[in-house]
Amino acid sequence: MKKTKVEEQGLGDFLGNVESVPSHVFTKTESEIRRQMKPGFFKVLRELLRVQVISGALTLLICPQFGIGPLGGGEGIMAWVSEFGHWVCGAYCGSVFVFLNVIHVRFFLGLDYLHAIRSNPILPYAALGAASLSTLVLGSFMWNKSVPHLHAEFVMAWFCAFVGLPALWLGIRFRKRLAE
C-alpha cells in the first residue's frame, strides 16, 4: 500500500493513526494554505487602499492636503510648516499621510499581507501614492475650484516621502530580522 504524505512525514503518530488523509485532500489543502499565505498584488493593493482611506481621513482631520482639511477649517499645522518652503512642507505632509498608513498596516493587517508588502514595498506604495495624490488633487479642485500647493517641489517631496519612507522603514525592519 502506498503511504500518504501524512504518514511519510511522521504525522500519523501525532494524529493517533485514526485515519489516513487521502493524498488528494492533503495536496488540495496544502495548495489552498499556500495560496492564502501569498496574496496577489491587487489583493494587497486593495487592502492598502482600504487602510489608506481610513488613515487619510485621520490625517485630514489635523493637516490639510492640497487644500482639503483640517477639521474646523484653517490651515492647521501646515501654516507653521509651510514657512520652511515647498520641499519641507511637501515632505512633511506626505510623511504624516503615510506614517498613519504604515502604523495602521502594521497593527491591523495579517502577517501574509505584511510579508507581501515587505518583499516589495516600493511598487504597492508607488501605486497607492499615485492614486492618493490624484484623488487629493482632483478632490481639491472639485471642492475649492483650485489646487493650493500644487507646485512641482511640493508634489515631488510629497510623493517621495509617501513612497520612500515605507520602503526605507520596511527595508530596515526586514534586514534587521534577517540578521537575527
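At 15% relative accessibility, Glu47 counts as buried, because the cut-off for buried is under 20%. This is a predicted model.

What does Glu47 pair with? Glu47 forms a salt bridge with Arg50. Their closest N and O atoms are 2.8 Å apart. Side chains of opposite charge can pair when their charged atoms come close. Both residues sit in helix 4, three residues apart, so about one helical turn separates them. Arg50 counts as partly exposed, at 38% relative accessibility. A search of the whole structure finds one salt bridge.

| Residue | Relative accessibility | Class |
|---|---|---|
| Glu47 | 15% | buried |
| Arg50 | 38% | partly exposed |
| Ser119 | 52% | exposed |

**The whole chain**

How many helices and strands are there in the chain? There are nine helices and zero strands. From the N terminus on, the elements run α-α-α-α-α-α-α-α-α. The chain has 180 residues, and 34% of them count as buried.

**The largest pocket**

Rolling a probe the size of a water molecule over the atoms shows where empty space is left. In this model, the largest pocket holds about 170 Å³ of space. It is lined by 12 residues. Closest to its centre are Gln52, Gly56, Phe97, Thr135 and Leu136. Two elements give two or more residues to the lining: helix 4 (41-62) and helix 8 (122-144). The largest share, six residues, comes from helix 4. Helix 4 is also the element that holds Glu47 and Arg50.

How many residues of each class are in the lining? Seven are nonpolar and five are polar.

**On the surface**

Which residues make the nonpolar surface patch of about 660 Å²? They are Ile77, Trp80, Phe84, Trp87, Val88 and Met156. Of these, Phe84 lies in the loop between helix 5 (78-81) and helix 6 (86-108).

Now turn to Ser119. Its place is in helix 7, which covers residues 111-119. Is Ser119 buried or exposed? Ser119 is exposed, because its relative accessible area is 52% and the cut-off for exposed is over 50%. Ser119 can also be set against Ala167. The two are 48 residues apart in sequence. In space, Ser119 and Ala167 are 9.9 Å apart, C-alpha to C-alpha.

Definitions and conventions
Residues are numbered from 1 along each chain as its sequence is written. This is a predicted model: local features need pLDDT of at least 70, side-chain atom pairs count only at pLDDT 80 or more; totals for chains, interfaces and linings use all residues. Side-chain values use heavy atoms; hydrogens and water are left out. On a 1 Å grid over the protein atoms alone, a cavity is a set of points where a 1.4 Å probe fits but cannot get out, and a pocket is an open set with protein on both sides within 12 Å along at least five of seven lines; lining residues have an atom within 4 Å of a point. Grid points are joined across faces, edges and corners, and a volume is the space filled by probe spheres set on the points. Helices (H or I, at least four residues) and strands (E, at least two) are DSSP runs, numbered from the N terminus. Ala, Val, Leu, Ile, Met, Phe, Trp, Tyr, Cys and Pro count as nonpolar, Asp, Glu, Lys and Arg as charged, and the others, Gly among them, as polar. Patches are made of residues with over 30% relative accessible area and no salt bridge: like charges are joined within 9 Å, nonpolar side chains (Val, Leu, Ile, Met, Phe, Trp, Tyr) within 5 Å. Accessible areas come from the Shrake-Rupley method with a 1.4 Å probe; for residues, only the protein chains shown count as cover. A salt bridge is a side-chain nitrogen of Lys or Arg within 4 Å of a carboxyl oxygen of Asp or Glu. Buried means under 20% relative accessible area, exposed over 50%, partly exposed in between (1.4 Å probe, protein chains only).
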